[in-house]
Amino acid sequence: MPKRSSGVGNPHSGSARMRDVAARAGVSTMTVSRALNEPGKVSEEMRERVLRAVREIGYLPNHLAGSLSSNRSTTIGLIVPSIDNSIYTQTVKGLSEVLKSSGFQLMIAESGYDPNEEEELITVFLSHRVSGLVLHSTEHTPQAAEKIRKSGIPVVENGNIPREPLDMVVSFSNYDASYAMTMHLGRLGYRKIAFASLYSVHNDRSQDRLQGYHAALRQLGLDPDPRIVLETERGLAAGAEVMARVVQSVPEVDALFCAGDVLAVGALFECQKRGWKVPGRIALASFDDVDLLRHVSPSVTTLRLPRYDIGERTARILLSRIMDGAEHLRGSVVDLKFELIQREST
């Protein structure tokens with residue numbers, strides 16, 4: 001392809017410079033630099049003005065040019081267990097917004113809760129020379145871990161806080177969150193607390209939630225009852241089935257903690273269908289603060305998780321490694337915690 005000449009007047013200049021952007025936007029080069037690299041330091045109006053100039057003249061920031069010259073793309077790969085699960089929406093939004101403002105794109109793939117499928121997807125992403133990877137799962141095959149180490153690219157795990165991180169972690173502790181909710185129910189006076197989660201095979205999040213639940217029972221001096229500890233699939237129907245099973249098999253159960261997806265909503269609907277008062281007959285708690293939980297009656301006690309913040313911080317920590325060579329961030333673990341929201345159902 002013939003080389004184009006640079007200049008403000010050429011709207012598709014492949015060799016446009018920062019000063020060309022500044023001239024087009026009518027600002028200083030320092031303002032352009034801040035708008036692209038530290039957007040929080042300029043107004044939204046100024047940032048949009050600079051980005052419009054960038055688009056008009058086809059400016060390629062130096063860090064992207066360097067990425068391309070070293071055979072790295074401007075793409076970040078994200079692998080999630082399921083693309084139809086709404087809990088990932090806010091994380092993807094946080095990731096995408098920060099990456100886009102810095103000239104990177106997000107590519108999403110689904111592993112189906114299968115470590116072998118995740119390994120294949122990692123291989124595909126690496127073959128496309130992605131600049132970084134985001135992995136929701138923290139349970140990987142040894143081969144996948146080795147491929148990532150050999151690639152040298154930065155990786156962020158954000159579905160849990162693993163005992164042995166691959167590289168960087170931005171998340172919350174599923175163990176701590178489940179422990180906190182179970183302790184909360186115990187302190188409210190509930191003594192026979194049932195627990196329902198998604199299947200724990202190849203799902204370290206569910207495994208940690210179960211362990212947190214059991215640790216809280218021990219702390220509360222309550223005996224575990226395997227009859228009221230259930231694993232199930234996602235969805236409203238699964239939540240309804242869980243509620244019916246625990247009440248019928250152990251009538252003295254007085255609380256159900258649904259540690260997965262929208263199980264609690266299905267459980268609540270089942271109670272209403274059968275005329276069981278919530279929390280009069282049985283209390284109900286959930287793990288994720290999906291919108292529906294605050295609008296049903298009674299509203300459902302839950303754990304609010306920092307989904308958007310996880311995406312945003314993940315993007316920023318990745319970009320610091322990619323763009324600024326911030327190797328001191330290697331191995332860093334960012335725990336964004338959670339918030340327990342007490343509502344009518346308990």
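Reader: Which domains is the chain divided into?

Author: This is a predicted model, and its chain is divided into domain 1 (18–70), domain 2 (75–172 + 308–337) and domain 3 (174–304). The C-alpha centres of domain 1 and domain 2 lie 26 Å apart.

Reader: Before we go into detail, how many helices and strands are there in the chain, and what box do the C-alpha atoms fill?

Author: The chain has 13 helices and 12 strands. Taken along the principal axes, the box filled by its C-alpha atoms is roughly 80 × 45 × 30 Å. Of the 346 residues, 53% are buried. As for contacts between residues at least 6 apart in sequence, 69% join residues at least 24 apart.

Reader: Let's take a pair of helices. Why are α2 and α3 called roughly perpendicular?

Author: Start with the angle: the axes of α2 (residues 29–37) and α3 (residues 44–57) cross at roughly 95°. Angles from 65 to 115 degrees count as roughly perpendicular, and therefore α2 and α3 are described that way. The two axes come within 9 Å.

Reader: Which residues meet where α2 and α3 come together?

Author: From α2 there are Thr31, Val32, Ala35 and Leu36, and from α3 there are Met46, Arg47, Val50, Leu51 and Val54. By class, this contact has 7 nonpolar, 1 polar and 1 charged residues.

Reader: What makes the end-to-end distance of helix α8 agree with its number of residues?

Author: Helix α8 (residues 174–187) has 14 residues, and at 1.5 Å a residue they should span 20 Å. The C-alpha atoms at its ends are 20 Å apart, so the two values agree.

Reader: Which residues of α8 are buried, and what do they pack against?

Author: The buried ones are Asn174, Ala177, Ser178, Met181, Thr182, Met183, His184, Leu185 and Gly186. Their packing partners are the helix α9 (204–220) and the strands β6 (193–198), β8 (255–259), β9 (283–286), β10 (302–304) and β12 (339–341). After α8 comes Gly189, which has a positive phi near 110°.

Reader: And what about Ser173: how do you know whether it is buried or exposed?

Author: Its relative accessible area is 11%. Buried means under 20%, so Ser173 counts as buried. Ser173 sits in the loop between β5 (168–171) and α8. Not counting residues up to four places away in sequence, Ser173 touches Asn160, Ile161, Asp335 and Phe338.

Reader: Why is His202 called partly exposed?

Author: The relative accessible area of His202 is 39%. Partly exposed is the class between buried, under 20%, and exposed, over 50%, so His202 belongs there. Lys337 is another non-glycine residue with a positive phi, in this case about 65°. Lys337 lies in the loop between β11 (333–335) and β12.

Reader: What kind of peptide bond joins Val278 and Pro279?

Author: That bond is cis, with an omega of about 10°. Pro279 is in the loop between α11 (263–274) and β9. The peptide bond from Ser297 to Pro298 is cis too, and its omega is near 0°. Pro298 is found in the loop between α12 (292–295) and β10.

Reader: What makes Pro279 count as partly exposed, and which residues is it in contact with?

Author: Pro279 has a relative accessible area of 29%. That value lies between the cut-offs of 20% and 50%, so Pro279 is partly exposed. Leaving aside neighbours within four places in sequence, Pro279 is in contact with Tyr190, Glu344, Ser345 and Thr346.

Reader: How far apart in space are Pro279 and Asp254, and how far apart are Glu241 and Ala216?

Author: Pro279 and Asp254 are 25 residues apart in sequence and 8.5 Å apart in space, C-alpha to C-alpha. Glu241 and Ala216 are also 25 residues apart in sequence, with 25 Å between their C-alpha atoms.

Reader: Finally, where does Glu241 lie, and why is it called partly exposed?

Author: Glu241 is in helix α10 (residues 236–249). Its relative accessibility is 46%. Exposed would mean over 50% and buried under 20%, so Glu241 counts as partly exposed.

Key. Residues numbered from 1 in each chain as written. Predicted model: local features only at pLDDT ≥ 70, side-chain atom pairs only at ≥ 80, totals over all residues. Heavy atoms only, no water. Axes fitted to C-alpha atoms, helices over the stretch in contact; angles between N-to-C directions. Helix = DSSP H or I, 4+ residues; strand = E, 2+ residues; numbered from the N terminus. Parallel < 35°, antiparallel > 145°, perpendicular 65-115°, else oblique. Contact = heavy atoms within 4.5 Å. Nonpolar A, V, L, I, M, F, W, Y, C, P; charged D, E, K, R; others polar. Expected span 1.5 Å × (residues − 1). Buried < 20%, exposed > 50% of the residue type's maximum accessible area, 1.4 Å probe, protein only. Domains from an automatic or database assignment.
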